[in-house]
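Okay, let's get going. I'd like to walk you through a few local features, so please bring up the viewer.

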Amino acid sequence: MESSRLLIEGGRGIEGEIQIHGAKNSVLPILAATLLCGDTSCIHRCAGLSDAFAAMRILRSLGCEVSHEGSTVTVNSANAEGDIVSDGLMHEMRSSIVFLGAILGRVGRCRLSFPGGCELGPRPIDLHLEALRWLGVKITEDHGILDCTVGVRPQSADITLSLPSVGATENIMLYSALGSGETVIRNAAREPEISDLAGYLIKCGAEISGQGTSTLVINGVSELHGCEYSVMPDRIEAATYMGAAAITNGELMLKGINPADMYSCMSVFSEMGCGVYPYDDKIFISARKPVSAVRTVRTMPYPGFPTDCQPIVMAVLAKSSGTSVIVENIFENRFMAAPELRRMGANIKAEGKVAIIEGVKKLYGAPVRAYDLRAGAALVVAALGAEGQTQVSNIHYIDWGYESIETALSSVGANIKRV
């Protein structure tokens, strides 16, 4: 059983600067994509996340040579011929399904179990499977095991996704990058992390156009080569530290971030009354006054407000003046932070897709548990703005998406330690 937890003494102002790591939601599909090269790739700005380490273990199990030094991961996939991802490895990371398209593209067959990870309700893995079937992949499902083999791929495939699923878009891109024929994805996800995956594949010799739009076109090529590539900055990590500044009436300079990826988040913090100042590659947030409620926050696919930032914003709004409403349109179980925030004195009513947050003047330290990655981060943010000590357990969830969150926050004045 896991015994590590975070102890946080609230009420300390946050001030200083934090360097943002490479994006978790980018590094995992890029690591999967290294399989397709049959060559050596050096991926820079890989944060030390348990999810990234799980991806490296999957690559090794498939026959890749993987080394990790500082924030650089080197993958040589020349001898990768494995086609099975074990049940244990699949359950280590929720987004392990992204290996499906890459393994199929590389060796033509793949056997894996349904992925593990955060309990955010049913994820549309059916979209991935339906799209791959459209591309000629034969898929049988047997007691939670997916058995997939490549069939005849159509020379031109036009796939319209029923919703702009990030994972389905990634899997189609990974499968279609090698081979012949043109694949068009309509209603494709537009997230910056999709463009980042496309950027890596293009640097390896892939032919992809339309990234950042809802129509992606992939022309298969006969082979890819390795390259050096730097992962984009993590906009969700940046939003988390913006939340830490806002709830403590602090000021932070977030360095190494692309503000253009974060307009929807920045506008919510501005509406709370924070001063948010974007520069070329950094964001300054000043929250010298207590935050005020916002009218309605609706999570939407990019460029809308990200579901991953919603629990963070909920934590900040719990200690605001006025009433806020959050509508969660992406995942069913995305209000897992709410019951734990109530233990700290928050007044939150959550039902179905809607949460109503009556701001309170004070939050109080309490023993709380993380039930998923972003809910865990939200509890850390709430604890920074609470009176007294908060103990956050289940922090292995937080480690999936943040490299040593306590180190970053300690460096800007938080009283937080891992015990």
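I'll take a helix pair, then a sheet, then a single serine.

Quick caveats: this is a predicted model, where local features need pLDDT of at least 70, side-chain atom pairs count only at pLDDT 80 or more, and totals for chains, interfaces and linings use all residues. Numbering starts from 1 along each chain as its sequence is written, and side-chain values use heavy atoms, with hydrogens and water left out.

So, helices: α8 (residues 235-247) and α12 (residues 373-384) have axes that come within 8 Å and cross at roughly 25 degrees. Angles under 35 degrees count as roughly parallel, and α8 and α12 are therefore roughly parallel to each other. On the α8 side, the contact (heavy atoms within 4.5 Å) includes I236, T240 and G243. Among the α12 residues making that contact are R374, A377 and V381.

Next, the sheet. We have 4 strands in an open sheet, ordered β18-β19-β21-β20, with mixed pairing; a pair needs at least two DSSP bridges. At the edges sit β18 (296-298) and β20 (347-351), each pairing on one side only. β20 runs antiparallel to β21 (residues 354-358), and 5 bridges join them. One partner pair there is E351 with V354 of β21.

Last one: where's S96? In the loop between α3 (87-90) and α4 (99-107). S96 counts as buried because its relative accessibility is 0%, the cut-off being under 20% relative accessible area with a 1.4 Å probe, protein chains only. A polar atom of the S96 side chain lies 3.0 Å from the backbone oxygen of M90. Leaving out residues up to four places away in sequence, S96 touches I58, M90 and P115.

Notes
Helix = DSSP H or I, 4+ residues; strand = E, 2+ residues; numbered from the N terminus. Buried < 20%, exposed > 50% of the residue type's maximum accessible area, 1.4 Å probe, protein only. Polar contact = N/O pair within 3.5 Å; in protein donor to acceptor, adjacent residues only side chain to side chain. Axes fitted to C-alpha atoms, helices over the stretch in contact; angles between N-to-C directions. Parallel < 35°, antiparallel > 145°, perpendicular 65-115°, else oblique.
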